[in-house]
Amino acid sequence: MTALAQAVQNLDAAPRLLETYVAGGRRFRDYVLQVPLDWNNPGGPAIELFYREMVRAHLDGQQLPLMVYLQGGPGGQGPRPVGGSDRLDTALERYRVILMDQRGTGRSTPVTAQVISGFPDGDSGAAYLENFRADSIVADAEAIRRRGYQGRKWATLGQSYGGFLTLSYLSYFDNALTACFITGGLPSLEPSAAGVYARTIHRVRAKNEQFYRMYPQDRARAANLARTLAEREVLLPDGDRFTVRRLQSLGIDFGMGPGFERLHWLLEQSGDGTQLSDCLLQEVQARTSFAGNPLFAVLQEDIYGNGANGPSAFAAQAELEQHADFATDAPTLLFTGEMMFRWTFEETRLLRPYIPAVEVLAARGTHRKIYDLQKIAANRVPMAAAVYYDDMYVDAGLSLDTAKKVGGLQAWVTNEHEHDGINDPAVLRRLFAMVDEVGGPLTS
């Protein structure tokens, strides 16, 4: 038994029920569980972990199988269902679903600019942030399973970064799982931030070309807006300067189904690209401030650290500098993708306090291990993964290479969906059917 598994097994805290209620045909139960900040030091400081149980109200009295939803991220809180439909409705047809706010996010003890400002230097801040990586997140999930559900085995559904977490869960706690489903998040087992960006930069360029084909009027509009931002100081409502680079970063949305439309409607507010209304500036701030999920920016490249695989070294910035067509003064403004740069932290008020710690993380060559390649290869838990061929965030080539190395995994490759394909009920139904066809989930 690993030290991590031993620490989880020895946890004697019990979850505390906060409230229970029915809404939208679903029964919700909200809990908090106290867990160690550092699972390698279980006697040290503790943090609160928030999770929510969700079940169809009319099925609540049944002994349904369990599923934990591993949210995208890093720095992702569990989804908050709105109205009568939700991306997880298909899962609710057969499972009682547990939604966890990843440590440091949502209602779990949050990591904020104020918290990180309390550390005296980058080394201590980085040591704190190291406790919010995949190994700690899956240990949290396992603690919920053991303490909240009497150790009953469960299935996992991993969206995006949740796929990274799935393989980490298999590496540490494979005996806890009945089946694993992954949507748009099958990572390389030999992770490298530089290797990922070297592949995805070409897809980002292709998305830009597709965007301008769809909205040709936005080519001049974006160029005029970039020229305006370069020629004079424009401030966002929180006081941050609205720079051309910050404008380019809005392209992070291009990997989602409605991403082109959302950016088009935003640019439309600038008229011909010279009108900077309060509405436009407020919307840009909301999309780029990271107020609700700073760990998404802070740990964006650190999630590729595994053992002694070397430093991330601001890999996205190094890659982008090799492509002149992404320059801020290029004739056609190209938007960037899911990339964080050193300037991201310098130009974003709520991220500036993280700079010393982020620099330490970026230079660190040795990391906590997140994958056990031997256990993953020997896996016997039935798995099905949707690989989106045109995914802008997770390279399909790397995903398919991983699919060959994971025991028990079936991959479905499709170009019918973007990264948020999980919002289409047909995706989960296809994955469930793939596992059913080979005998279904393991018995709990």
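The crossing of helices α7 and α10 is right-handed; a crossing has this hand if the near helix is turned clockwise from the far one by less than a right angle, and is left-handed if anticlockwise. The model is predicted: local features need pLDDT of at least 70, side-chain atom pairs count only at pLDDT 80 or more, and totals for chains, interfaces and linings use all residues. Residues are numbered from 1 along each chain as its sequence is written, and side-chain values use heavy atoms, without hydrogens and water.

Helix α7 spans residues 193–214 and α10 residues 259–268. Helices (H or I, at least four residues) and strands (E, at least two) are DSSP runs, numbered from the N terminus. The two helices pack at an angle of about 60°, and their axes lie 11 Å apart. Therefore α7 is oblique to α10. Axes are lines fitted to C-alpha atoms, for helices over the stretch in contact, and angles run from 0 to 180 degrees between N-to-C directions. Under 35 degrees counts as roughly parallel, over 145 as roughly antiparallel, 65 to 115 as roughly perpendicular and the rest as oblique.

K207, Q210, F211 and M214 of α7 meet F260, E261, L263, H264 and L267 of α10 (contact: heavy atoms within 4.5 Å). By class, this contact of α7 with α10 has five nonpolar, two polar and two charged residues. Ala, Val, Leu, Ile, Met, Phe, Trp, Tyr, Cys and Pro count as nonpolar, Asp, Glu, Lys and Arg as charged, and the others, Gly among them, as polar.

The largest pocket has a volume of about 1200 Å³. A pocket is an open set of points on a 1 Å grid over the protein atoms alone, where a 1.4 Å probe fits, with protein on both sides within 12 Å along at least five of seven lines; lining residues have an atom within 4 Å of a point. Of its 37 lining residues, I252, D253, M256, N293 and F296 are the closest to the centre of the largest pocket. Helix α11 gives the most to this lining, with three residues. By class, the lining has 10 nonpolar, 20 polar and seven charged residues.

The second largest pocket holds about 220 Å³. Closest to its centre, of 13 lining residues, are R245, L320, E321, F326 and W343.

Two backbone features lie in loops. A cis peptide bond, with omega about 5°, joins G73 and P74. P74 sits between β4 (66–70) and α2 (89–92). Q150 is not a glycine, yet has a positive phi of about 55°.

Definitions and conventions. Grid points are joined across faces, edges and corners, and a volume is the space filled by probe spheres set on the points.
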